[in-house]
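Here's a quick walk through the model, from a loop to the core. Have the structure open as you read.

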Amino acid sequence: MLTPNAPSAVFERLGRSAVKLLRRIEPAKKMARFYVLDLEVGLFGHTVLVRRWGRIGTYGRRREHWFEDPVLAQTEMDRLAAAKARRGYLPVTDHGHACR
């Protein structure tokens, strides 16, 4: 039974999307990079913001940020996505194409 403060119940209230996938491709600079943001539930109920980034075609690098409060994790996820958007990263649609 889920309690009102269970992480999955909080994610449902936030309207959390499963993953934010961003991509930046600039052929003139020979640049093809990705950036992935995901919220997960840790083993002890913490909310984990997982960031992955690197060149397209590689696994890239991975960093985890642990939060007690899922709302703070979602806020940080949105802040990081906005920062990447300012640097030219575009969200990827369900069909694998970047939105313009």
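## Ground rules

Helices (H or I, at least four residues) and strands (E, at least two) are DSSP runs, numbered from the N terminus. This is a predicted model, where local features need pLDDT of at least 70, side-chain atom pairs count only at pLDDT 80 or more, and totals for chains, interfaces and linings use all residues. Residues are numbered from 1 along each chain as its sequence is written, and side-chain values use heavy atoms, with hydrogens and water left out.

## A loop residue

Look for Lys30 in the loop between strand E1 (19-26) and strand E2 (31-41). Its phi is near 55 degrees, a positive value in a residue other than glycine. Lys30 counts as exposed (over 50% relative accessible area, with buried under 20% and partly exposed in between, using a 1.4 Å probe and protein chains only), because its relative accessibility is 72%.

## Aromatic rings

There are two aromatic pairs here. Rings of Phe, Tyr and Trp (its six-membered ring) pair if their centres lie within 6.5 Å; planes under 30 degrees apart are stacked, over 60 edge-to-face, and the rest tilted. Tyr35 and Tyr89 sit with ring centres 6.3 Å apart and planes at 65 degrees, so they go down as edge-to-face. Both are buried, and ring pairs join Tyr35, Trp53 and Tyr89 into a cluster.

## The core
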